[in-house]
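Here is a short briefing for a first look.

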Amino acid sequence: MFRGLKALTKWQDPGGRMLKKVTTFAALVSSLLLSMNALGFGGGFWQKRHVGLQLLAGQFDASAMINGPLSIARFREPRDAVVNAAGDIFIVDSNASVIRKISNGVVSTFAGKFGVFDHADGTGDSARFDYPTGITIDGSGNLFVTEGNNHTIRKITPAAVVTTVAGSPGNAGTADGTGSAARFNNPEDITLAADGNFYITDKNNNMIRKMTPAGVVTTFAGDGTYGCTDGTGAAAHFNYPTGIVGDSAGNLFVVCSSCSTIRKITPAGVVTTFAGQAYTTGAVDGTGTAARFSWPVGITIDSSDNLYVADYSNSAIRKVTSSAVVSNFAGSYGDYGAVDGTGTAARFAGPAGVGIDASGNLFVTDSDNASIRKVTPARVVTLVAGSLAGDSDGSADGTGTAASFHSPEGVAADPAGNLYVADTMNRTIRKITPSGNVTTIAGSPGQIGSADGTGAAARFSYPTKLTVAEDGNIYVADEYRIRKLTPGGVVTSLAGDYDNSGSADGTGTSARFGGVAGIASDGAGSLYVSDSGNYTVRKVTLAGVVTTLAGQVGIQGSDDGTGTGATFSRVAGITVTPSGNIFVADTDNNVIRKITVAGVVTTFAGAAGQGGNDDGMGSNARFSQPHFVATDSSGNLYVAEWGEATIRKITSGAVVTTIAGVLSTSPGYTGSLSNGVKQSEIGSAFSICVSGRRIIFVGENIVKWVPRP
């Protein structure tokens, strides 16, 4: 790891606790975007202005896989970072299995594919990683990454070409050698030292490995034995070595987390305990072995060779001078919290990583607070990114980020530009006006039930999807029932029964559903419902008369046909185009099916049983678990997928393109460029609708949108 950048790790402490270690970096704060603008959305929705993904309302989860400006972007598990000569920041997002890039205040995916854990060399998103952890950079701008689960060292060129330079994928071991002949066991971090060689903390081997630029790997210190013994070369022992950094004289400093010590290794391989006492935890200032740490994690170094250590379990930042004098730089020992302030008045919650800029400011990854904190040389601590407010789950009404949701799964728009959201885990229905104000119009947060009533007196069981019909009422899929909600907030039950599932046709409460996964209005007096529990598509009149339009109860398949001659596999989202045809996302078949009003079912796009992400026409296109579908006034379809963080567009001629997300290549999409591919990862999309020139969707406790091409 270069000077000023920090390493991190994920492991268990001696007490068995799983600790999540995150890396921080100094240059992050200068790119932070916090601008808010009112743009025209039927009167001016509040939003954060940028191309691509837009926020309408709610609060982002701290942990997610979303690209975009720093005010919008989220990481799954950032573990390490490095900065190139141009000021671009590269981040190892371990639990997303990708390398992220921050350039000009925008986060993109530089290499790897979100959530796909594998090993493959290639360029950009064709490469695959399995839990990468540490990163460093050479003088030519090449990145070098430790890949824990694959036991390899990867190289990434400035053009995002990924190759394996040492180790063999999936093969752990201790062998020295060149390239694929070498073996590692969960390598954790890497640094480029003053001698031009790379040094690696080989965590599960309890060794420090040396790798030349040509990929020749040797063991520099340690012999694989767990311990905290000082010595030279193989005579020294380590216990879970994690972060590593070098000083100006060529010495290495290693965080030995299980020993609760900082170890020093000279260029000759002589290992000594620089600060802390082996296997003795505490929160004691002092010199050398008189000091005490409690599960130290991150480390960085300033221009005077002072070390700064993220002392995770003490929730403090420690300073260690070149003479090994240890003091508390920021935070209060053992006081777990989220408070800005000076020195010991500040509070952290498990700080894991620490970095430094040219002015001596520290930037701390406050991991349990999911935030980035700044500590000036005068020890003043402030929040620079993220939030100290904690969990984003909530039920607050308000405008923009003042509102909060709890796992919303459905969204629909009315002709006036109002949005209606099924706030699933709050068991409520929320309204977002054109001015951006969020209110709760029916149900009471956290109160489960079946009662009809007005406003907060009504109860919902598990509201997931909803639609606005031509009569102005909102119809809600509430587990085994269809509920009706008037604009005045009056809730009644239209069809189905709260306590009884089934497959019976009938009127009102005599009808039975197996589980309503989608609902859509045709604008002509009928609703269409995807009954996922029965593998059928049902028709419900506004008078509550339920009939089965297509599919066979309890029979999964992919057959086209009429009525019961057709079969589906886990039907989900459903929509009706202006022409009156019904389209359903047949999730487990990886296809979009078309159903006429006469019940004739055909496969409109995709090929049954053939998953993938290829754009194309009709059966040449591929989907990855499509789960929701919406339509615009021209009859185009928009599809959200479980297996890909994408939005796909399907024209009336069955031409499929990707318009938003990791695979976006549509000329109408305005997401940030990365490797020549238009990208702005959208995160989870549990439901989508179209309103004007926007495709609106819900996920990660927010309502968000991308431009409609």
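A search of the whole structure finds 22 salt bridges. A salt bridge here is a side-chain nitrogen of Lys or Arg within 4 Å of a carboxyl oxygen of Asp or Glu. This is a predicted model: local features need pLDDT of at least 70, side-chain atom pairs count only at pLDDT 80 or more, and totals for chains, interfaces and linings use all residues. Residues are numbered from 1 along each chain as its sequence is written, and side-chain values use heavy atoms, with hydrogens and water left out.

**Salt bridges**

- E188 pairs with K203 in a salt bridge, with the closest N and O atoms 3.1 Å apart. The pair links distant parts of the chain: E188 sits in strand β17 (residues 187-192), and K203 in the loop between β18 (198-202) and β19 (207-211), 15 residues apart. Strands (E, at least two residues) are DSSP runs, numbered from the N terminus.
- Both E188 and K203 are buried. Buried means under 20% relative accessible area, exposed over 50%, and partly exposed in between (1.4 Å probe, protein chains only).
- D285 forms a salt bridge with R318, the closest N and O atoms being 3.2 Å apart. D285 lies in the loop between β25 (270-275) and β26 (286-287) and R318 in strand β29 (residues 316-320), so the pair ties together parts that are 33 residues apart in sequence.
- D285 is partly exposed, at 37% relative accessible area. R318 is buried, at 0%.
- D588 bridges to R570, where the closest N and O atoms are 3.1 Å apart. This pair also links distant parts of the chain: D588 is in the loop between β53 (582-586) and β54 (591-595), R570 in the loop between β51 (561-562) and β52, 18 residues apart.
- D588 is partly exposed at 34% relative accessibility. R570 is partly exposed at 32%.
- A network of salt bridges links D452, D478, R481 and R483.

**The second largest pocket**

- The second largest pocket has a volume of about 810 Å³. On a 1 Å grid over the protein atoms alone, a pocket is an open set of points where a 1.4 Å probe fits, with protein on both sides within 12 Å along at least five of seven lines. A volume is the space filled by probe spheres set on the points.
- Its lining has 33 residues, and A413, V468, S521, V576 and T631 lie nearest the centre. Lining residues have an atom within 4 Å of a point.
- Elements giving two or more residues to this lining include β37 (410-413), β42 (463-468) and β63 (687-691).
- By class, the lining has 18 nonpolar, 10 polar and five charged residues. Ala, Val, Leu, Ile, Met, Phe, Trp, Tyr, Cys and Pro count as nonpolar, Asp, Glu, Lys and Arg as charged, and the others, Gly among them, as polar.

Terms used
Helix = DSSP H or I, 4+ residues; strand = E, 2+ residues; numbered from the N terminus.
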